[in-house]
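Subject: Handing over the structure

Hello,

I am passing this structure on to you, and I hope you enjoy looking through it. Please open it first, and then read my notes below.

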Amino acid sequence: MQTTHLPRRGLVAAVISSIGIRHEGAHALVDTGLYLDLSRVLRNPADDPTMRYRTGLDDDVHGHVLKTPGALTLINRTAVQLRALADEVSVGRLVRLTVACQGGRHRSVAAAETVGRLLWEAWGRGVRRRHRAPPH
């Protein structure tokens, strides 16, 4: 599992996880909270041999995912929903989002990173992103 952080502005108050649903046991990794499955929604960078063994943390893969028609709208709406949920929970409680795609390396990672950044910029609290794809 790889974890990335945005600069902290206090305690971590949101956890955004990316998973690959085709992997055994993946559904057991789904946290309580919001769930977004991108398996059939966004272009899969793994279809491009130059991106297959890279991740959504790589700039070109991240850009490829975000350029999919409708991707930014979906990601922005998800960030708004997570923020609305976050505004309703007590201080000290975590809000959670699980973002899924088939392999858990490209679309879900890029979307989780982007939602995390949007939430952090709008909300001003700590956001942690966990990427749970197994190694190749």
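Predicted model: local features only at pLDDT ≥ 70, side-chain atom pairs only at ≥ 80, totals over all residues.

Residues are numbered from 1 along each chain as its sequence is written, and side-chain values use heavy atoms, with hydrogens and water left out.

**Salt bridges**

A salt bridge here is a side-chain nitrogen of Lys or Arg within 4 Å of a carboxyl oxygen of Asp or Glu. By this rule there are four salt bridges. Helices (H or I, at least four residues) and strands (E, at least two) are DSSP runs, numbered from the N terminus.

One of the bridges joins Arg129 to Glu113, with 3.1 Å between the closest N and O atoms. This pair links distant parts of the chain, since Arg129 belongs to strand S5 (residues 126-131) and Glu113 to helix H3 (residues 107-123), 16 residues apart. Are these two partners buried or exposed? Arg129 is buried at 2% relative accessible area, and Glu113 is buried as well, at 14%.

Another bridge pairs Arg83 with Asp87, where the closest N and O atoms are 3.4 Å apart. Both residues sit in helix H2 (residues 71-88), four residues apart, which is about one turn of the helix. Arg83 is partly exposed at 28%, and Asp87 is partly exposed at 42%.

Asp58 also bridges to Arg54, at 3.7 Å between the closest N and O atoms. Asp58 has a relative accessible area of 24% and is partly exposed; Arg54, at 30%, is partly exposed too. Together with Asp60, these two residues are linked in a network of salt bridges.

His64 lies in helix H1 (residues 59-66) and is buried, with a relative accessible area of 19%. Contact means heavy atoms within 4.5 Å. Apart from its neighbours within four places in sequence, His64 is in contact with Arg43, Pro45 and Met51.

The buried residues of H1 are Val61, His64, Val65 and Leu66, and they pack against H2 and H3. In the contact of H1 with H3, His62, Val65 and Leu66 meet Arg107, Ala110, Glu113 and Thr114.

How do the two helices cross? The axes of H1 and H3 come within 9 Å and cross at roughly 85° (axes are lines fitted to C-alpha atoms, for helices over the stretch in contact, and angles run from 0 to 180 degrees between N-to-C directions).

**The nonpolar core**

A nonpolar core is a set of buried Ala, Val, Leu, Ile, Met, Phe, Trp, Tyr and Cys residues joined through side-chain atoms within 4.5 Å. The largest one has 24 residues, and Ile16, Leu82, Leu97, Val99, Val115 and Trp123 have the most contacts inside it. Strand S2 (12-20), H1, H2, strand S4 (95-101) and H3 each give two or more residues to this core. H3 supplies the largest share, seven residues.

Best wishes

Definitions and conventions. Buried < 20%, exposed > 50% of the residue type's maximum accessible area, 1.4 Å probe, protein only.
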